[in-house]
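Student: Please take one part of this model and go through it closely with me. I'd like the cut-offs spelled out along the way, and then a look at what else is around it.

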Amino acid sequence: MVSGKWHQASNGLIQTGFLLLLAAFSLLPWSEARAVLTIEITKGVETGVPIAIVPFGFEVLKPPHNVSDVIQADLTRSGRFSVLSRKDFVATPHEDKEVVFKDWRVIKAEALVIGSVRPAGPGKFQVQFRLYDVFKETQLAGFRYTVSADKLRSVAHQISDIIHEKLTGELGSFNTHIAYITREEGRKGTPVYNKLQVADSDGYGSQTIVRSVEPLMSPAWSPDGTRLAYVSFEDRRAKVYIQNISDGRREMIAEFKGINSAPAWSPDGRRLALTLSRDGNAEIYVLRLDDRALKRLTYDPSIDTEPSWSPDGRYLVFTSDRAGGPQIYRMSADGGSAERLTFEGDYNARASYAADGKSLALVSRQDGSYRISALRLDTGAFQVLTDTSLDESPSFAPNGRIIIYATEVRGHGVLASVSADGRVRQLYKFEEGDVREPAWSPYNRELQYKE
Amino acid sequence: MKSGSLLAVSFVLSFILAGCAGEEAVKSKEDSSRGTPAETMPADGKGEAAGSGLSEQEKQKAQKMADLLAQHRIHFAFDSSSIDNESRAIIEAHAQNLKANPQIKVALEGNCDERGTREYNLALGERRAQAVEKLMKVLGVAANRVSTVSFGEEKGLCAEHNESCWRQNRRVEIVYK
């Protein structure tokens, strides 16, 4: 057996400074509203915290930039709240001094959100919000933000995250992004475009990162959320690239003989696990990004692919058909022997870790249908979370509470999400063609605008 | 690409016909002892001209070869890269064609149906292409004449979600260059 030590990758790895001209990033957010979706709750529970969200005062912008509407949609979607109907409100306070807690106890609200959005100079807005505990009659949070119009949705998602954290004790993941691949049939005679897109976690504000007539695959976020690794067939075969989201600058990462696929970032962002068949068979490798040193981790005549790092960086889980059909295995991130993790059913693939490292989301075949499932690593408990038939590409939200995935509805690829306990499901309805391969970003470390 | 493969078919046909002509003396003796099978052929002027001087058996052989070479898709069972007998005959014909025409090269493009995961299917498509490549090498085709590529489930021929569509998509395409 070949020793698994680092050796320098030989053939044409680096083509730095490869600048790709991208679709322009519009400065007017409402011009991007075309890609906007509606979210339909396909399975829900009414056991969340009853919360009243008063429409914010002075809001002049209509949806999709209406702050209180965005907050309401976020909290509804999370499944952790029962958002009370505005029809039942007996008052519409916007300021602290206007709040009468009795008005809210009457409609059985446990939490109350009020706020305002005031113009604050050219193109700027000042957003204020307060969150109250209705029974204790206390304020739980209150912040003021001064931002440009194109940041209003981001502020709304930040407010949703604060509310989520104050009321559930867990971080929210609303102020994050999703990356995904679309395939759009143009008008007759125009090419079919594959696009790598990035949008807000609720699907709004999509931006095209890459557009190609050849397939695109496997978007993967860098841990700092600034770059995406992906697979492009633009040279008529699968090669791996890394691209900056902000300026579109990209680098060729792997163009070895055979397939170059399934990029996965190490938690420290310094290495990329990959599937390469440069030695003849699909095996898992780790590429150190600073010096391009490549290390082969698997040595098995079967297919080994779909690596995913444990959050502590010590392990990789991956898919292998070494026992016949595809199953999930775990090995040290330095290579060595692999331990089989899945035994339920004859097809388990594309596992990825939750942020706490305690469970995996994966695709599992159940009675001929491909469904999103969760495996608890501590107890071995296996739970099928969906009941559709062509589900794939599960990706955890950074708080581990929601899994976004791709499925098929009436012949079209769509995105959907399911809560990690399987109780709440939603369908993202994009206006674009087929949508697939969602990847949820890490927490947004962008400047927070709180004051 | 299409004209290239037609060209390839005509190359191999001329090869077969030439090869058969050399064996004619021996075979025609056997044939004449069994009667005159040529008369059972349809009265097709074109076929008659192409096959002139050939026995019925040889014509059938050439026709079978041409039929096999006209097929450029090798199909597979789900999650499998095994080659069945029907597919083997197609691959043998293309291997013979490659050996007879040293100037031609082929690309083997592996594909999968939509079921299962995309990255696994990319590897599975490659394994299918490699299975065809391996057989061609066993049949005597030089390694530098054949290349493989996998498109996984990204280049389906058929977009419906049923077995008839899935079967069409589980394939290796033999593409003449």
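Tutor: Let's start with H1(A) and H3(A), which are oblique to each other; that word covers whatever is left once angles under 35 degrees are called roughly parallel, over 145 roughly antiparallel and 65 to 115 roughly perpendicular. This is a predicted model, so local features need pLDDT of at least 70 and side-chain atom pairs pLDDT 80 or more, while totals for chains, interfaces and linings use all residues. On bookkeeping, residues count from 1 along each chain as its sequence is written, chains are lettered from A and ligands numbered from 1 in the order in which they are written, and side-chain values use heavy atoms, with hydrogens and water left out.

The angle behind that label is about 45°, between helix H1 (residues 67-78) and helix H3 (residues 152-168) of chain A, whose axes are 9 Å apart. Axes here are lines fitted to C-alpha atoms, for helices over the stretch in contact, and the angle, from 0 to 180 degrees, is taken between N-to-C directions. Helices (H or I, at least four residues) and strands (E, at least two) are DSSP runs, numbered from the N terminus.

Who touches whom? On the H1(A) side there are A:Val67, A:Val70, A:Ile71, A:Asp74, A:Leu75 and A:Ser78, and they meet A:Leu152, A:Arg153, A:Ala156, A:His157, A:Ile159, A:Ser160, A:Ile163 and A:His164 of H3(A). By type, this H1(A)–H3(A) contact holds eight nonpolar, four polar and two charged residues. Nonpolar means Ala, Val, Leu, Ile, Met, Phe, Trp, Tyr, Cys or Pro, charged means Asp, Glu, Lys or Arg, and the others, Gly among them, are polar. Contact means heavy atoms within 4.5 Å. If you wonder about the spacing in lists like these, an α-helix has 3.6 residues a turn, so residues three or four places apart point the same way.

A:Glu165 counts as partly exposed because its relative accessibility is 40%; buried means under 20% relative accessible area, exposed over 50% and partly exposed in between, with a 1.4 Å probe and protein chains only. Skipping residues up to four places away in sequence, A:Glu165 touches A:Glu170 and A:Leu171.

Move on to the loop between H3 and strand S9 (177-184) of chain A, where you'll find A:Thr176. A:Thr176 is at 3% relative accessibility and therefore counts as buried. Again leaving out residues up to four places away, its contacts include A:Ala199, A:Asp200, A:Trp440 and A:Tyr443.

Now for the rest of chain A, which has three helices and 32 strands. Of its 451 residues, 56% are buried. One of the buried ones is A:Pro263, at 7% relative accessibility, in strand S16 (residues 260-265). From A:Pro263 to A:Leu228 is 35 residues in sequence and 9.6 Å in space, C-alpha to C-alpha.

Most residues other than glycine have a negative phi. A:Arg292 is not a glycine, yet its phi is positive at about 60°; this residue lies in the loop between strand S18 (283-288) and strand S19 (293-296) and counts as buried at 6% relative accessibility. A:Asp367, also not a glycine, has a positive phi of about 50°. That residue is in the loop between strand S25 (359-366) and strand S26 (369-376), and A:Asp367 is exposed, with a relative accessible area of 80%.

Over in chain B there are six helices and four strands, and 45% of its 177 residues are buried. Helix H5 (residues 118-138) of chain B has 21 residues and should span 30 Å, which agrees with its end C-alpha atoms being 30 Å apart; the expected span is 1.5 Å times one less than the number of residues. H5(B) is mostly covered, with 16 of its 21 residues buried. Just after H5(B), B:Gly140 has a positive phi of about 100°.
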